[in-house]
Amino acid sequence: MMSFVVMIICVAAALLFGIFRFATDIKKNMGALAGIVLILVIALVSYYGLASDVVEPHWGTDEDITASTSKLVGGGIYMFYILGGLALVAIVYTEISKIIK
């Protein structure tokens, strides 16, 4: 039990220190902030815009799969596809820009 409490204190200290360092020099960290905002926008679009809540299980019904669970999984899959596609575009762009230089 004591190790669990110490772990929670250490995780909280690490998070608070990171947030404090991020907030003290916000102009230097604008790129990271833009990346975080972009990931949040992609997550929201994936969940609310692309994922459907249709549940059609074709296997045993041992697990309770609700519409919200199905939508959450679908949003995660769409987010994976979008981020993977963006990573591929970034790789191709980097390689082409190296060739041009």
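These are my notebook entries on a predicted model of one protein chain.

**Ground rules.** I treated the model as predicted, so local features need pLDDT of at least 70 and side-chain atom pairs count only at pLDDT 80 or more, while totals for chains, interfaces and linings use all residues. I number residues from 1 along each chain as its sequence is written, and side-chain values use heavy atoms, with hydrogens and water left out.

**Whole chain.** I looked up the secondary structure and found three helices and zero strands (DSSP runs, H or I of at least four residues for helices, E of at least two for strands, numbered from the N terminus). Along the sequence the pattern reads α-α-α. Of the 101 residues, 8% count as buried (under 20% relative accessible area; exposed is over 50%, partly exposed in between; 1.4 Å probe, protein chains only). The chain exposes about 8600 Å², with carbon and sulfur atoms supplying 74% of it (Shrake-Rupley method, 1.4 Å probe).

**Helices α2 and α3.** I checked the axes of α2 (residues 30–50) and α3 (residues 67–100): they come within 8 Å and cross at roughly 135 degrees (lines fitted to C-alpha atoms over the stretch in contact, angles from 0 to 180 degrees between N-to-C directions). That makes α2 oblique to α3 (under 35 degrees is roughly parallel, over 145 roughly antiparallel, 65 to 115 roughly perpendicular, the rest oblique).

I then listed the residues that meet (heavy atoms within 4.5 Å): α2 brings Ile39, Ile42, Ala43, Ser46, Tyr47 and Leu50, and α3 brings Lys71, Leu72, Gly75, Tyr78, Met79, Ile82, Leu83 and Leu86.

**Gly74.** I found Gly74 in helix α3. Gly74 is buried, at 18% relative accessible area. From Leu50 it is 24 residues away in sequence and 8.0 Å away in space, C-alpha to C-alpha.
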